[in-house]
Amino acid sequence: MRGLRRLPAALAAAACVAVGAWTATCAARAAVEALDLGPNYRPEIQPLGWSADGRQVLFVHTEVRGGYDYRDTSPCGGSGIYRTHGGSAPAPVLTGRAWCRDSASWMVRPSLSADRRTVFVLPEHGYGGCTLVAALDLDTQSWREAGRICGSYVYRSAVSPDGRRIALGMGCGIAVGGGQAQHVTPPGCVDRDGDRLTVMNLDGSDRRLVGAPRDADPAWSPDGRALAVRPTGGPDGDRIAVIDLRTGRRRLLTRGTNPAWSPDGQWLVFTRHPGKPGARVTLHVIRTDGTGERVVFTQQRRDMRRGPKYPAPGGWPRDPVWSPDGRRIVFTKYFQTGGTLWIINADGTGLRRLSERIEPAG
C-alpha cells in the first residue's frame with residue numbers, strides 16, 4: 001500500500017482494484033479514512049435502466065461523503081444496486097461488500113447490457129497498470145472479469161449493449177488528489193491522442209480512434225453502430241454529436257450533455273445547461289437526424305432556492321435513461337445534499353418521484 005499513501009481513501013480503493021489487488025488491507029484502510037470525512041453525506045444516484053421483466057427501475061446508489069470540491073466514499077456501507085417501482089422504498093439488489101469488493105463503489109461507470117441481465121462496471125478514472133472491467137450477472141449476483149485495459153489512464157467509458165466492445169478515453173497522465181495534486185502515469189504507457197475516444201474489443205483487440213479531439217461521454221446506440229458524444233472544448237464544445245462507427249462520419253446535432261439513446265435508436269434524450277446565472281437546466285429529446293427537438297422537463301424554481309436543506313441551487317436533471325418501450329424517461333434530480341430519482345413521460349407529462357435520498361447504512 002506504500003504507493004497509495006498520499007491518495008484519498010477513494011482513490012486508494014480504486015487503485016487497488018485497477019491493479020487487481022483488492023484485499024482486506026485495501027478495504028480496511030479506505031473504510032477507516034472515510035470515517036474521518038465528517039457528516040457531509042452526499043449520496044449519488046445513477047439510473048441504469050429497467051429490470052429484465054420491465055417492471056422496476058434499476059439504479060446505482062453511492063454513499064459519498066465530502067464537500068463540493070472533495071469527495072470520498074466508504075467502500076461498502078449501503079452502496080450498490082437498488083430497484084424500485086416508486087410505490088415503496090427502494091429494495092437492494094446487491095449492496096455492501098458484495099457490490100463494492102469488486103467495483104470499489106467509487107465513481108463507477110456502470111452499463112446495462114441489452115438484455116438487462118448484466119451490469120458492466122469499471123472505475124470512472126482507472127489508475128495503475130490495468131483497469132478491470134467487471135461484469136455482474138443480476139440473476140446469479142456473481143461477478144466475472146470481462147476485460148482489462150492496460151498501460152493507460154482510463155476515463156469516461158461505456159460498454160456496448162452486446163458487452164463485446166468499449167468506448168473510452170485513454171491517456172498517459174492525470175493530476176489527482178485533494179489540495180496537493182499528484183501526477184499519475186501508468187508504467188510503460190505509450191502516449192496516444194488522449195483527446196480522442198478509443199473503441200476496441202474488451203480483450204484489447206481491434207483498437208481504433210474515433211470522433212474528434214475532446215469528444216467525451218460516449219453513449220452507444222442500441223445496435224452498436226454509432227456513438228453519441230459530447231465535445232468538451234473547441235468550436236464544438238458542449239454540442240452533442242453522433243459518430244457512425246462504420247463510416248467514421250460525425251454529425252453535430254445541438255447543444256447539450258448526457259446523451260442517451262431511445263430503444264429504437266431514433267431519439268436522444270439529453271441535458272442542457274444554460275450557462276448563465278439564474279437560468280434553469282432542462283431535459284430535451286431530439287431525433288438523431290437533428291429534427292424534432294423539444295423540452296421534456298425544466299428545473300423547478302422551488303429546487304433553486306437556498307436554505308438549510310439545500311445550501312446551493314439544485315434539482316437539475318442528469319443521467320437520463322429511456323424505458324424499454326420508449327415512452328418514459330428516468331432521470332436524477334441532482335442536489336449538493338444528494339440525488340433523487342424521477343420519472344416522466346417522453347412527451348413531458350406525468351412527472352413523479354421514484355425514490356427519496358437513501359440514508360447511509362449503519
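Rings of Phe, Tyr and Trp, the last represented by its six-membered ring, form an aromatic pair if their centres lie within 6.5 Å. The legends below describe close-up views of a predicted model.

**View A. The aromatic pair of W99 and W143.** Four aromatic pairs are present in the structure. In the pair of W99 and W143, the ring centres are 5.8 Å apart and the planes stand at 45°, so the pair is tilted. The two residues belong to distant parts of the chain, 44 residues apart: W99 lies in helix 3 (residues 97-103), W143 in strand 11 (residues 142-150). W99 is buried, with a relative accessible area of 0%. W143 has a relative accessible area of 18% and is therefore also buried, the limit being under 20%.

**View B. The aromatic pair of W316 and Y334.** The centres of the W316 and Y334 rings are separated by 5.2 Å, and with an angle of 45° between the planes this pair is tilted.

View C. Four strands in the order 26-27-28-29 make up an open sheet with antiparallel pairing. Five bridges connect strand 26 with strand 27 (residues 328-335) in the antiparallel sense. Across this pairing, P317 has K333 of strand 27 as its bridge partner.

**View D. The side chain of K333 and the ring of W342.** The charged end of K333 is placed over the ring of W342, at 3.9 Å from the ring centre. K333 is also the residue that forms the bridge with P317.

View E. Strand 16 runs antiparallel to strand 17 (residues 208-210), and three bridges join the two. Within the pairing, T198 is positioned opposite L209 of strand 17. Six residues lie between the strands of the hairpin, in which G204 adopts a positive phi near 90°.

Notes: Residues are numbered from 1 along each chain as its sequence is written. This is a predicted model: local features need pLDDT of at least 70, side-chain atom pairs count only at pLDDT 80 or more; totals for chains, interfaces and linings use all residues. Side-chain values use heavy atoms; hydrogens and water are left out. Two strands pair if DSSP finds at least two bridges between them. Rings of Phe, Tyr and Trp (its six-membered ring) pair if their centres lie within 6.5 Å; planes under 30 degrees apart count as stacked, over 60 as edge-to-face and the rest as tilted. Buried means under 20% relative accessible area, exposed over 50%, partly exposed in between (1.4 Å probe, protein chains only). A charge sits over a ring if NZ of Lys or CZ of Arg is within 6 Å of the ring centre and within 35 degrees of the ring normal.
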